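User: I'm new to this one and would like a walk through it. Could we start with the charged pairs and then move on to strands and open spaces?

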Amino acid sequence: MALAARGTLRAAGTFCAQRLLPRSCHQLLRRSPARALGAAAAAMAPSVRFSPAPRSLFDEPLAIAVQGLCPQQEVTLRLSLRDEGGELFQSRALYQAESSGALELTRSPALPGGSFSGLEPMGLLWSLQPQKPFRRLVKRDVRSPFFLELEVFEGHGPLPSRLLARGAHERRFLREGVRRIPVREGRIRATLFLPPEDGPFPGIIDIYGTGGGLPEYRASLLANHGFATLALAYYGYEDLPKDMKEFHLEYFEEAVNYMLQHSQVKGPGIGLLGISKGGDLCISMASFLKGITATITINGSVANVGAVLRYKDITIPPLGVNQKRIKIDKSGIADIVDVLNNPLEGPDCQSFIPLEKAEGHFLFIVGKDDHNWKSEFLATEASNRLQGHGKEKPEIVCYPGAGHYIEPPFSPMCSASMHLLVGRPVIWGGEPKAHSVAQVDAWQRIQAFFHKHLNGKQDATPKL
């Protein structure tokens, strides 16, 4: 056995070598023992290699390779990740090794039959799917990483087959030196992330949607890129309102003033970033509050949705809905894209946020397959309102095949999950590959837009 392990193939040792080698290498041994000498030595211990290793940032590309396979060996790669609640997310892809026995995902296309196909170096990450339906991968505590486990199995058959190699990797949300500061000043319930370098830094307030709580993962990643970012909760967290009935813009004004007065935040204005319900809250903040220089919404609404919004003596009612327009498929998943009323018609005009009052710049990021609401229509109407009042034309970037939750790069697309206001699973839209491309591009555009308007840097606009 020791001789076989060293790759010395003799008549007496052939059986031992065959027992150690994958079955796909047996054929090579029978056809050409001479060619098998090197392959046997390499194939004794296939191994997984990550770069960078052993850890990387969540929004950072990750190179994955397998070494020590037989020439043209067929293998199945399976990636697994468990979230903090113990929910399992997995993806799998079929590959064939190169003639050298190496497998580099940066140059080897995945074969049809897995979670994706084609040349997709990050495909194993963006194609992760929950093993239980209607789960969405969300990082709850950015101080700890996500742990990836990559398994390499022999052949393209059903799993599990013979395990050839296993590797582990950490995907982190905070680079070395980034400061995480809980903020409990006045009514503000938030977390501030500061880059490790000497400030001051361009400041951003980051607001999420109807899930409530205090998501920190996008804010932490932005701090890695040089932004002082405040992840702001507004309901369903600590002593904040428990549900979405009405919101007071004075609370958000406190957060804006906190950032404007912070010694580590570069003035004279700050940026806002909001997704879904967070988007219309950001538009309202930009419309009524001072000190807002740049606002980005991701599949947001130019009409106030879901709850009454009050500011001083102003009241903006929520846009009307028609529950009869909900479509339910055979599996019980709701399509709510047509539920909202048109904010240009009748009494629903009162819900249209007067963004023509805003003094800053706007960027609307749109998934053309968003099934939460008609994001492209809403962004277009926002642009029409601004230009109709002589304001600067906003930037609108539309992504074909992208759904509602356009998250940081390489996040798995969530096709359907529970909606708190609807009370059942809803479809969010999107096609995984196109959605992944959109996330990478949007992330670059978000940073470039904020650098341009908060830092005065004219970064090159990324292209798809």
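Analyst: Happy to; please keep in mind that this is a predicted model. As for the charged pairs, the structure holds 26 salt bridges.

User: What can side chains of opposite charge do when their charged atoms come close?

Analyst: Side chains of opposite charge can pair when their charged atoms come close. One case here is lysine 277 with aspartate 280, whose closest N and O atoms are 2.9 Å apart.

User: Where do lysine 277 and aspartate 280 lie?

Analyst: Both are in helix H8, which covers residues 277-288, and they sit 3 residues apart, which is about one turn of the helix.

User: And are lysine 277 and aspartate 280 buried or exposed?

Analyst: Lysine 277 and aspartate 280 are both buried.

User: How about aspartate 338, which residue does its side chain meet in a salt bridge?

Analyst: Aspartate 338 meets lysine 327, with 2.7 Å from N to O. Aspartate 338 belongs to the loop between strand E20 (334-335) and strand E21 (361-367), while lysine 327 belongs to strand E19 (residues 327-328), so this pair ties together parts that are 11 residues apart in sequence.

User: Why does aspartate 338 count as partly exposed? And why does lysine 327?

Analyst: Aspartate 338 counts as partly exposed because its relative accessibility is 24%, and the cut-offs for that class are 20% and 50%. Lysine 327 counts as partly exposed because its relative accessibility is 46%.

User: Which residue forms a salt bridge with arginine 445?

Analyst: That is aspartate 441, and the closest N and O atoms of the two are 2.6 Å apart. Arginine 445 and aspartate 441 share helix H10 (residues 432-455), where they are 4 residues apart, about one turn of the helix, and both of them are buried.

User: Which residues are linked in a network of salt bridges?

Analyst: Such a network links Arg78, Glu149, Glu151 and Arg166.

User: Okay, strands now. How many residues of strand E12 are buried?

Analyst: In strand E12 (residues 201-207), 7 of the 7 residues are buried, so the strand is largely enclosed by the rest of the structure.

User: What does E12 pair with?

Analyst: E12 pairs with strand E15 (residues 265-275) in the parallel sense over 6 bridges, and with strand E13 (residues 228-232), also in the parallel sense, over 4 bridges.

User: What is the order of the open sheet of 6 strands?

Analyst: The order is E2-E9-E8-E4-E5-E7, and the pairing in this open sheet is mixed. Its edge strands are strand E2 (55-57) and E7, each of which pairs on one side only. Within the sheet, strand E8 (residues 146-154) and strand E9 (residues 163-172) run antiparallel and are joined by 8 bridges, with phenylalanine 146 standing opposite arginine 171 in E9.

User: Switching topic, how many cavities of 30 Å³ or more are there?

Analyst: The count comes to 4 cavities of 30 Å³ or more, and the largest cavity has a volume of about 180 Å³. It is lined by 21 residues, with Leu137, Val138, Glu407, Ser411 and Pro412 the closest to its centre. Strand E7 (129-130) and H10 are the elements that give two or more residues to this lining, which by class has 13 nonpolar, 4 polar and 4 charged residues.

User: And the largest pocket, what lines it?

Analyst: The largest pocket holds about 780 Å³ of space, and its lining is made of 33 residues, of which Arg136, Val138, Arg140, Gly211 and Gly212 lie nearest its centre. The largest share of that lining, 3 residues, comes from strand E23 (residues 416-419), and by class the lining has 13 nonpolar, 9 polar and 11 charged residues.

User: What about the second largest pocket?

Analyst: The second largest pocket has a volume of about 360 Å³, and of the 20 residues that line it, Val321, Val339, Leu340, His419 and Leu421 lie nearest its centre. Its lining divides into 13 nonpolar, 6 polar and 1 charged.

Terms used. Residues are numbered from 1 along each chain as its sequence is written. This is a predicted model: local features need pLDDT of at least 70, side-chain atom pairs count only at pLDDT 80 or more; totals for chains, interfaces and linings use all residues. Side-chain values use heavy atoms; hydrogens and water are left out. A salt bridge is a side-chain nitrogen of Lys or Arg within 4 Å of a carboxyl oxygen of Asp or Glu. Buried means under 20% relative accessible area, exposed over 50%, partly exposed in between (1.4 Å probe, protein chains only). Two strands pair if DSSP finds at least two bridges between them. On a 1 Å grid over the protein atoms alone, a cavity is a set of points where a 1.4 Å probe fits but cannot get out, and a pocket is an open set with protein on both sides within 12 Å along at least five of seven lines; lining residues have an atom within 4 Å of a point. Grid points are joined across faces, edges and corners, and a volume is the space filled by probe spheres set on the points. Ala, Val, Leu, Ile, Met, Phe, Trp, Tyr, Cys and Pro count as nonpolar, Asp, Glu, Lys and Arg as charged, and the others, Gly among them, as polar.
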